[in-house]
Amino acid sequence: MRLRTFILFSLLTAAFTGLLFYYFQNKLVYGQKKSGQFPNTNLSITPPNLPKTPSICIIENIGQDKSPNLINSEKLTLEQADRLLLEGTQSTEAYKYDNALRSFETALKVYQKEKDFEKQAITLGRIGNVYYQTADYKKAINCHNKRKTIADIKIINKKEEVAALSSLGNAYYAMGNYSKARIYYSRSLKFAQDKNILMDQDNRKRAEAIALAGLGSVAHSIGNYTKAIKLHEDRLNIVDEALNNNQNLTEENQKEFIKLKASVLGSLGNAYHNQGNYTKAIEYYEAHLKTAINAKNKREEAIALGELGSASHSSWVRNNFIRKDDLEQAIKYYKDRLSIAEEIGDRRLVASTYGGLGNIYYSTGNLEKANLEKSHKDYNEVIKYTNNYLSTSTDIEDRPGMGNALNILGVTYFQISNILKNQEKTLKETGRITEAEQKFAEAQENLDKAIKSLKEAISVREYLRKRLTETEKILIFDTQQTAYLNLQQVYVSKGEYDLALEIAETGRAKAFVDVLAKQLNMNREISPNFKIQDIKRIAQEQQATLVIYSNILEKDSITNDSEKFYIWVVRPNQEKVSFEQVDLKSTKIWKESLSKIRQRLQNLGGNDRPVGILVGSIPRAYIRGTKKDISSGNEPYKKDIEELLAANYELLIKPNNQNILSIEDKKVIFIPQGSLFEIPFAALYDIKEKQYLIEKHTILTSPSVQVLDMLHKRQQKRELHNKPLQNKDWLILGLENAKPNKFCSQDVTLNKLPGAEQEAKDIAYVLFQGKAIEDKTETAVRKKMLQARMIHLATHGLLDNCKEDAEVPGAIALDASENDDGWLTASEISQMELQAELIVLSACDTALGKLTGDGVIGLSRSALAAGSSSAIVSLWKVEDYSTAFLMKEFYTQLKEQQSKLGKLDKAEALRQAMLKTKNYVDKNTKKKIYSEPYQWSAFTLVGEPTTQLEKR
């Protein structure tokens, strides 16, 4: 199974992204990519001919540019500028980007001098195209924004403005920022469909089709293939309508619409391909090929052949590698595509075709592992084709292509190394020692090549992150994770677990670390890499045991057929780092338990502090239960919960029957990854000792070890001035009946929360015999948050009700006023400058958000990024009254700590509050009324656990 998923994932990633690039380059106006130098790394592959001409899109005062490479534009005429524009376009098509930039920028100066605004907009679009093609998306965006501004203000015909909007969509799409890409495509479509905007009919139809293509691609990339098909069908109708009325089309426009038709047929094929409907996909791909051939469009013909090659390969994989005709046909399609690409001199197509052939031979090499000689031969074919992919991508400065090629080379060298090790073993067993030693040396050589290639892949991908915003870094990293995961697996196979941990840590929460580093005035580009000694130092400083997880999904596994967890345990005062590997295929009890839970999930119902969506973590969704199940004493239900918690304990705390924690591990900081962020570690159950994990250890979590370190450093700066907490340092809010306006133009029904209001009153009384904040408008609360050191907000929470537009999901419900809408969003929180030691979001699902390679993007992360040292947030829809009880106990603990110890140990206070809530006996019924895990284990502490206060 893993072989199929890895092959399909690699194939579709390479093929689909390549096809999208060609669509955007040739149909969606002009796009962009990156120029400049590589970062100061050990990367041995340096692209030649990088554009060195300063960009007009970046440097405003262009008149001061004395570059000797630029022609003196003062003496040039408009006619000469037009010729330079044409030369620049031809240089771009020949991948001579430095020449193209010189021509475009000189022409642009002439157009600026002559105040020819339309040609300025066109030229800025062409410059943007260069940066798009060299992966410099930020510069591309600058160019197209300037192009859009000029077109908006100075040009009556809106053709260029609409084109700029789609080009901006392309750049954001290429970075993986689908929400922002969707916004620009939607705006472009709206302009194109607005009859009041001046555009000729042909350009209007073309712009409409282009915008629909972008929206279809976004839908495709987020997995909504049904919507993608609908958008592409709408686009096909527009193109067909234009072609059917071809008496009004110029010859040039007719060619353009035929290109659009060919590409839309390919897009429809891609959507059906990803749905698994290969028959329909091939039908569209063949129509794409036929249309391209009839139009004598060689580039589209080559693209269609690649689509058919990908579909044939997928069909072979899906049919258990039985139908050899599919495999042979796939290879033939790719080789035919290669011939055409070389004939027309399209090196980007050449490069991606080499990548497709490399992927095919990688899959045959994996399939033939029982036949070492045949497998080795196929892997050598991978090396041959992928080296060509790499060298061609390097020549044309296609950094994403370079990163993909290096990654494929890395895993292939790794597989060859394994083959050679097996051959060495066989030779040893037969007494052929000299030959065995030779095989061992060859195996080590290939393993070294694997590590070198994967490190270089990471360096290329690190370069692509430069100058991006935090959100853009998060999104683009989701497309770059594989190299980090592959290198971890290679190091683990070598038994170099510490190096694997360094890579695991380097590859997580990268954008968040950049944000915190900037706050600490740390230069991340010259800072040393995070090493194993740094991780040990942090465990020592925290006096806590670090438990770090890395989740290798089945599709990412290069060592066997299974999803797996790597687990590292780093203890203070201990040099050795413990390591465990958990193969999920072998965890039968866990999988059976999970299967049983799935069957019961449909019976789960509502809770008191609701959010907008029900998210899908099975342990979290099931543990929270329903009041009906709990109150009725549903023993089978309780038994299932216990079994699930025990199964997760066995998986995460006692893997391979080895307990990773001991009684000496008083404080434990979990560093989860992926869906493990949704695990309630406090509630994991040791069925043998009849204890929950929180009964044994103080627990908190962090997105990464580096984040923990930087939060600690940031807090240390504050502690020089921290006085004991006073009444004015607290912001305590509880809303029984929040009254915000609409959220993202949607009506939201909010039930009353009497427990939340009482919660705030009780906490205020416990702390300083005072009152909670009375002005509960967003404006008042925001103002107070900036001054407070301890913030407690008990109200409704919303998660991602504006999913399509919000970069950071989540919002807290407050009262609206004339100056605000009453919704304090995660994005708004992230822009604040908080000085808080702690923010408690006592609402539902506040620990959740978008699960990304950078961690959970939501309210908790926003609070920490804004300046709070730590946050207490919830993993599910919390029960109102048990939450109020727990929070009162939590603050009682904090008050006692300040009085007795002169510090705030937030993690220990939360632990004691959970235990007291779990064990609370009602005076009237004489029964424990909050003893179920959903009532006491929802909250988790994220960030810095302790605040040291100055003595009174």
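1. Before the first helix pair, a word on terms: axes are lines fitted to C-alpha atoms, for helices over the stretch in contact, and angles run from 0 to 180 degrees between N-to-C directions. Helices (H or I, at least four residues) and strands (E, at least two) are DSSP runs, numbered from the N terminus. This is a predicted model, in which local features need pLDDT of at least 70 and side-chain atom pairs count only at pLDDT 80 or more, while totals for chains, interfaces and linings use all residues. Residues are numbered from 1 along each chain as its sequence is written, and side-chain values use heavy atoms, with hydrogens and water left out.

2. With those conventions, helix α6 (residues 159–174) and helix α7 (residues 178–193) have axes that come within 8 Å and cross at roughly 165°. α6 is therefore roughly antiparallel to α7, given that angles under 35 degrees count as roughly parallel, over 145 as roughly antiparallel, 65 to 115 as roughly perpendicular and the rest as oblique. The crossing of α6 and α7 is left-handed, a term used if the near helix is turned anticlockwise from the far one by less than a right angle, and right-handed if clockwise. Contact here means heavy atoms within 4.5 Å, and on the α6 side the residues that meet α7 include V162, L165, L168, Y172 and Y173, while those on the α7 side include Y178, A181, Y184, Y185 and F191. By class, this contact of α6 with α7 holds ten nonpolar, four polar and three charged residues, where Ala, Val, Leu, Ile, Met, Phe, Trp, Tyr, Cys and Pro count as nonpolar, Asp, Glu, Lys and Arg as charged, and the others, Gly among them, as polar.

3. Helix α16 (residues 399–429) packs with helix α17 (residues 433–464) at an angle of about 165°, and their axes are 7 Å apart. That angle makes α16 roughly antiparallel to α17, and the crossing of α16 and α17 is left-handed. The residues of the contact between α16 and α17 are 20 nonpolar, nine polar and ten charged.

4. On the whole chain, the protein has 34 helices and 19 strands. Of its 952 residues, 61% are buried, where buried means under 20% relative accessible area, exposed over 50%, and partly exposed in between (1.4 Å probe, protein chains only). Among contacts with a separation of 6 or more, 73% come from residues 24 or more positions apart.

5. Which residues have the most contacts inside the largest nonpolar core? They are Y549, L652, I653, F670 and F890, in a core of 204 residues; such a core is a set of buried Ala, Val, Leu, Ile, Met, Phe, Trp, Tyr and Cys residues joined through side-chain atoms within 4.5 Å. α16 gives the most to this core, with eleven residues. Leaving aside neighbours within four places in sequence, F890 is in contact with L838, V840, I872, K906, A909, L910 and A913. Another core, of 31 residues, lies apart from the largest one, and A171, Y185, A219 and I238 are among its members.

6. K667, in strand β4 (residues 667–671), counts as buried at 13% relative accessibility. Its contacts, not counting residues up to four places away in sequence, include Q542, T545, T698, L700, D905 and P945. K667 and A907 are 240 residues apart in sequence, yet 8.4 Å apart in space, C-alpha to C-alpha. S312, found in helix α12 (residues 298–318), is buried with a relative accessible area of 7%, and S312 touches D326, Q329, A330 and Y333 once residues up to four places away in sequence are set aside. I829 in helix α30 (residues 826–830) is buried with a relative accessible area of 1%, and, beyond four places in sequence, I829 is in contact with L824, L859, S862, A863 and A866.

7. Most residues other than glycine have a negative phi. K296, in the loop between α11 (278–294) and α12, has a positive phi near 55° and counts as exposed at 75% relative accessibility. N573, in the loop between β2 (564–570) and β3 (578–583), has a positive phi of about 65°, and N573 is exposed, with a relative accessible area of 61%.
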